[in-house]
Amino acid sequence: MVGAMPVNLIPKFCNDTMDSCNGVEDEMQVFIGSRVKSGDDFGTVKYIGEVQGYKGIWYGVEWDNPARGKHDGFVDDIQYFKTTKPGAGSFVRPNKISPFRTCADAIRKYYGDREDETVAAHRRMVINEWKREMGAPFIEMVGFEKIHQKQKFDRLLEVCVHDQNVSKAGDVASLCPNVRSLDVSRNLFSNWREIIQLSAQLPDLRELDVSKNRMAIDMSEEKLSQLSINFANLEKLNISVCDYEWSDILVLTHLWPKINEIIAAYNRIKKITPPEDTLRALTILRLDGNPIDSWHEVMNLGKLKNLKILSLNDCEIGEIRFNDDMGNGKVEMFENLEVLFLNRNKINDWRSVSELDKLKNLKKLYFLRNPIQNSEDYDTTSQLVIAKIGSLQELNGSTITRELRRGAEYDYLKRYGAEWKLAQSDSMRKSAFDLEHCRFQELINKYGIPEDSLLVKQPKNMTLTSQLIEIILRDESGKMFKKKFPSTMAVQKLVTLAQRLFSKPGNTGTPTLNLLDDQMQGAEICLDNVMKDLAYYSIKNGDNILVRFR
């Protein structure tokens with residue numbers, strides 16, 4: 001228990017104050033605002049009392065999953081409580097609620113009931129040896145079990161009590177005071193007061209996971225700053241799926257003076273305001289799965305000088321713009337950002353990729369399954385990304401070698417060289433080109449412009465419609481669909497579409513696609529390499545593709 005706060009000095013809250021007081025812990029009761037669990041469903045208590053026409057006490061609960069609810073708290077013309085989401089409320093009997101636990105009880109049960117057999121055998125051997133030495137084979141080793149259990153808990157450095165109905169801290173200090181990593185995710189904490197009381201008993205706590213808890217923030221920033229002493233060594237925090245906005249997280253940052261990694265995935269973060277006097281040590285920020293749709297909101301994080309890794313997977317970002325400056329001048333933000341995750345967003349223009357070249361130190365980029373990548377095969381889009389961002393050393397986990405970079409940049413020059421030449425005689429066209437291709441002049445200076453014979457000729461009509469081919473999809477029953485697709489689309493996407501279009505009872509599994517070749521008198525060509533594009537199989541306008549289910 002070295003360095004731990006004595007249990008009688010664990011901070012107790014009362015009306016936004018935190019006092020050191022003695023006494024027995026408050027009885028674990030359900031109150032308005034309590035988090036509860038019934039079966040596999042979590043909710044927040046909004047009402048406790050009688051319901052007209054029914055005997056006994058009921059809990060009015062707003063469920064996290066609205067599908068679990070039955071009403072809005074309004075029953076038989078009486079408003080008992082109000083839900084924030086339509087139809088998310090219902091009444092349950094107290095005996096349908098899972099019983100609460102303290103964190104200490106959960107640790108004691110989860111870790112106290114488990115013991116390595118090797119350790120147990122060794123312990124029995126030691127006891128028997130003592131008995132032989134003492135000449136008393138029937139002596140009872142009173143207290144040995146407790147000493148052993150105490151030593152076992154003292155050795156705990158990492159503790160996980162995920163989904164154990166924990167709602168309060170309990171006396172953790174006398175149980176396992178040396179814990180450095182604590183996972184209390186998917187439990188029943190209703191506010192941050194209990195988390196603070198928990199951390200206050202673990203002076204060496206470095207990592208904390210409170211994800212999938214919904215905890216109220218009912219203290220001022222000043223009070224939270226005063227309580228930050230209880231998180232003095234905390235470095236990594238997971239607050240994913242906590243139903244927070246960015247403003248909520250900014251308030252809470254006053255608790256974590258030394259935090260360097262925050263995972264806040266799948267919350268309600270859409271608007272972002274710049275941190276003023278917190279997060280100065282932050283190096284890793286993960287905001288995956290939040291409804292962020294504007295790059296301008298992301299730019300408000302640009303003054304975090306120590307930020308090295310930013311993850312924005314599965315957001316709703318449609319384009320990236322730092323400014324309208326032409327050329328490849330660097331921006332004065334994200335000065336130390338080295339790793340950026342942008343998988344599965346809605347980015348649909350190549351200028352957005354060019355804009356990333358304006359970051360001073362970007363070394364690793366993860367950029368997969370964005371709409372802009374549907375227009376070309378994976379290798380081509382990867383080459384374009386490499387050519388457009390000069391500082392990249394790794395793309396999607398693959399190292400960019402010197403040869404790969406040289407090839408990508410030279411192909412880029414050949415692809416757009418003709419367009420660049422045409423733009424030189426028209427100032428407006430030149431400005432538009434320079435915005436779209438920030439590095440192009442730099443690459444010309446590096447390699448020179450390729451000979452005209454090597455330049456890719458630009459087709460006169462480059463509209464999307466002109467690049468589509470019409471295909472007839474049919475199954476063996478005669479059902480058919482006419483659809484238009486780009487010739488660069490992967491066969492895998494056509495398989496997925498066919499599975500959806502021809503879905504019916506009996507059609508199970510993944511279908512096979514077969515091109516009906518008229519020139520070979522109805523012979524079938526199996527499109528068996530789903531990673532290839534349609535052009536690989538020479539599919540043309542009017543071709544028929546037969547869809548078969550195994």
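Me: Hi! Is W295 buried or exposed?

Reply: W295 counts as buried, at 4% relative accessibility. Here buried means under 20% relative accessible area, exposed means over 50%, and partly exposed is in between (1.4 Å probe, protein chains only).

Me: Before I go on, what kind of model is this?

Reply: This is a predicted model, where local features need pLDDT of at least 70, side-chain atom pairs count only at pLDDT 80 or more, and totals for chains, interfaces and linings use all residues. Residues are numbered from 1 along each chain as its sequence is written, and side-chain values use heavy atoms, with hydrogens and water left out.

Me: Thanks! Which helix is W295 found in?

Reply: W295 belongs to helix α7, which covers residues 295-299. Helices (H or I, at least four residues) and strands (E, at least two) are DSSP runs, numbered from the N terminus.

Me: And how far are the C-alpha atoms of W295 and R321 separated?

Reply: By 6.8 Å, although W295 and R321 are 26 residues apart along the chain.

Me: Let's switch to rings. How many aromatic pairs does the count come to?

Reply: The count is 15 aromatic pairs. Rings of Phe, Tyr and Trp (its six-membered ring) pair if their centres lie within 6.5 Å; planes under 30 degrees apart count as stacked, over 60 as edge-to-face and the rest as tilted.

Me: Why is the pair of Y54 and W58 edge-to-face?

Reply: The planes of Y54 and W58 are at 75 degrees and the ring centres are 5.9 Å apart, so the pair is edge-to-face. W58 is also buried, at 15% relative accessibility.

Me: What about the rings of Y412 and Y416?

Reply: Y412 and Y416 have ring centres 5.3 Å apart and planes at 65 degrees, so they too are edge-to-face. Both sit in helix α10 (residues 402-423), and because they are four residues apart there, about one helical turn separates them. Y412 is buried, with a relative accessible area of 2%, and Y416 is buried as well, with 12%.

Me: Which residues do ring pairs link into a cluster with Y412?

Reply: The cluster contains Y412, Y416, W420, F433 and F440.

Me: On to strands. Which strand pairs with β3 over four bridges?

Reply: β3 (residues 35-38) pairs with β4 (residues 41-51) in the antiparallel sense over four bridges. Two strands pair if DSSP finds at least two bridges between them. In this pairing, V36 has G43 of β4 as its bridge partner. The two strands make a hairpin with two residues between them, and G39 in the turn has a positive phi of about 65 degrees.

Me: How many bridges are there between β4 and β5?

Reply: Seven, again antiparallel, with β5 covering residues 54-63. W63 in β5 is the bridge partner of G43. In this hairpin there are two residues between the strands, and G53 takes a positive phi near 95 degrees.

Me: In what order do the five strands of the open sheet come?

Reply: The order is β23-β22-β26-β24-β25, and the pairing is mixed. β23 (480-486) and β25 (523-526) are at the edges with a single partner strand each, so each has one side left without a neighbour in the sheet. β24 (residues 512-517) pairs with β25 in the antiparallel sense over four bridges, where D517 has A523 of β25 as its bridge partner.

Me: Last topic! What is phi of D77?

Reply: Phi of D77 is near 65 degrees, which is a positive value in a residue other than glycine. D77 lies in the loop between β6 (74-75) and β7 (78-79), and D77 is exposed, with a relative accessible area of 70%.

Me: And where is R369 found?

Reply: R369 is in the loop between β19 (364-366) and α9. R369 is another residue other than glycine with a positive phi, near 55 degrees. At 65% relative accessibility, R369 counts as exposed.
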